[in-house]
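User: I would like to go through a few strands and a helix pair by question and answer. Please show the sequence and structure before we start.

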Amino acid sequence: KHWNRLNDSEIERHHFKDQDMYSDKSDKENDHDHEESDNDGLGKSEESDSDTSERQDDSYVDPEPIDVKETTYVEQSHEELGEAGEAAQTEVVSEENKSLIWTLLKQVRPGMDLSKVVLPTFILEPRSFLDKLSDYYYHADFLSEAALEENAYNRMKKVVKWYLSGFYKKPKGLKKPYNPILGETFRCMWIHPRTNSKTFYIAEQVSHHPPISAFYVSNRKDGFCLSGSILAKSKFYGNSLSAILDGEGRLTFLNRGEDYVMTMPYAHCKGILYGTMTLELGGTVNITCEKTGYSATIEFKLKPFLGNNDSVNQISGKIKLGKEVLAILEGHWDSEVTISDKKTDVSETFWNPTSDIKQRRLPRYTVKFEEQDDFESEKLWQQVTRAINNKDQTEATQEKYVLEEAQRKSAKERKLKGEEWTCKLFDQDSVTGEWHYKYADTRPWDPLNDMIQFEKDGTIQTKVRHRTPMVSVPKIKRKPASQKKGECGFSSPEPDNQDSSGSEAQLLKHNTRIRKKGADLGELQSAIESIKETQEDIKRDIMALRNRVTSNSPPVDYHFLQFKHYVFILLMVLLQLIINFLFK
């Protein structure tokens, strides 16, 4: 095994400055045969995070800037938010494009799934669906506030407020993002100025048929992470079609061990054959926290046939504790929502994306184009995006066909070779079928040991001062051979001296320690089995004794009971005779 070699000056510098930290990424890579329960890979850097957040001890200040090797992110230059109301959700179709729609409709029938139908490029929004899913985190600071909220009811309200904040951003007209290519990935992050933290978003297309997108969001410093997967399905109904997002997201507050499970509304497009093409959201979504018992239900309402402008984009909802309704929500998902308390009957504005709120959106940063690999969304779809922005539908269609044909060719080659597709960043649970981020770290943030959270090559990591044992929920076991060079390693359960010149001795010592722990574990297992056998013997003895006592117990002395009765009757008779004699 290759171990990183440091010269004398480097050894001295690392020994005295940061003795218990990873010296660089190669140390992490060669540490991956430890138990895969910790992804605190560390490295050299260029970013300082010495300021403390609201939950950090203000007296503890980093003496020097923190250096890590991380992905270079650049601030998003342009963002289209759209306007509230129906006008921003309608599309006037040209005569040329109408003929394309009629050609498309000849291929489909009512009730048909459109996932395999090639859609015309004029209805495409020039970004990937993986990018589209990140629209929910421009107000991730609401989750930072919710993680600090002590009251469970107020925590649920803050979660619902964050959930609603992800809908008002919409492109003008009726647009659909690209269907991601199998293996496509997307990375971005948001900076929280108030807490000096970062929220990282990682997504990957993990399946093509059916089309499944998996995502993971993490901000350990602010105390939350979110994971989930979405199966995108489309149904055609004649003059309308629906894009159904089947799946759920799971928000976790790390310091509380609370999970909030939530679903998504569906997108409904009407007016395909006649009328104005309009996009709406519909369906009932649920947000549930099993640990606290709080839940929320929100109904996204489609515009009635004779509805007015006020009936566009309407929602109504309830926040409950068990079956008791605590509050009622009413309003519009792209504008104001009010909340009415059931006990006090007081109504107030719950959420309203005013211009002031929009200005406070967290700035989003995407990966520098030169550092993206070929299967990252922006680079993968660059030719299609350029053609759409230039309004060249012919070139856009051609470039889209090139990508889709390459995907079909790869699928055929894998089928001929009998190979299965292997995802880069996510694993599927063989029992539940759920998709999990391979490098998820759900430990609560430790301000005395955790220094900075960063991302490199799709791996979200944490720089720490001292390598400590990691206690987390059980994860899917993966073969070490599947870990590719360049991926983050994991910190070991035992702190090791990072002087790599003694690496062989350390490895021998580590193997000896593992063998000793294995032997101790075997003895402990034997002792447990012995105790279980003794318990079973005792249980059998008790049952036998109970049966024996039951079978040997004397029958109830019915004769004795009858004798008492006779004596009592005799006494009563004598008493009656005496009374009769005295009163004669």
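Analyst: Ile-212, Ala-214, Tyr-216 and Ser-218 point one way from E7, Ser-213, Phe-215, Val-217 and Asn-219 point the other way, and all are buried (under 20% relative accessible area with a 1.4 Å probe and protein chains only; exposed is over 50%, partly exposed in between). Strands (E, at least two residues) and helices (H or I, at least four) are DSSP runs numbered from the N terminus. The model is predicted, so local features need pLDDT of at least 70 and side-chain atom pairs count only at pLDDT 80 or more, while totals for chains, interfaces and linings use all residues. Residues are numbered from 1 along each chain as its sequence is written, and side-chain values use heavy atoms, leaving out hydrogens and water.

User: How many of the residues of E7 are buried, and is E7 enclosed or open?

Analyst: Both sides of E7 carry buried residues, Tyr-216 and Phe-215 among them. The count is eight of the eight residues, so E7 is largely enclosed by the rest of the structure.

User: Which residue of E7 is the bridge partner of Tyr-201?

Analyst: Strand E6 (residues 197-207) runs antiparallel to E7, joined by seven bridges; two strands pair if DSSP finds at least two bridges between them. E6 and E7 form a hairpin with four residues between them. The partner of Tyr-201 is Val-217.

User: Which residue in the turn between E7 and E8 has a positive phi?

Analyst: E7 (residues 212-219) pairs with E8 (residues 224-236) in the antiparallel sense over eight bridges. In this pairing Ala-214 stands opposite Ser-229, and Phe-215 is opposite Gly-228. Four residues lie between the two strands of the hairpin, and the one with a positive phi, about 90 degrees, is Gly-223.

User: Which residue of E9 stands opposite Ala-232?

Analyst: E8 and E9 (residues 240-253) are antiparallel and share 13 bridges. Their hairpin has three residues between the strands, with Gly-238 in the turn at a positive phi of about 105 degrees. Opposite Ala-232 is Leu-245.

User: What is the handedness of the crossing of H9 and H10?

Analyst: H9 (residues 382-389) packs on H10 (residues 393-417) at about 165 degrees, with the axes 8 Å apart (axes are lines fitted to C-alpha atoms over the stretch in contact, and angles run from 0 to 180 degrees between N-to-C directions). That makes H9 roughly antiparallel to H10, a term for angles over 145 degrees. A crossing is left-handed if the near helix is turned anticlockwise from the far one by less than a right angle, and right-handed if clockwise. The crossing of H9 and H10 is left-handed.

Terms used:
Angles under 35 degrees count as roughly parallel, over 145 as roughly antiparallel, 65 to 115 as roughly perpendicular and the rest as oblique.
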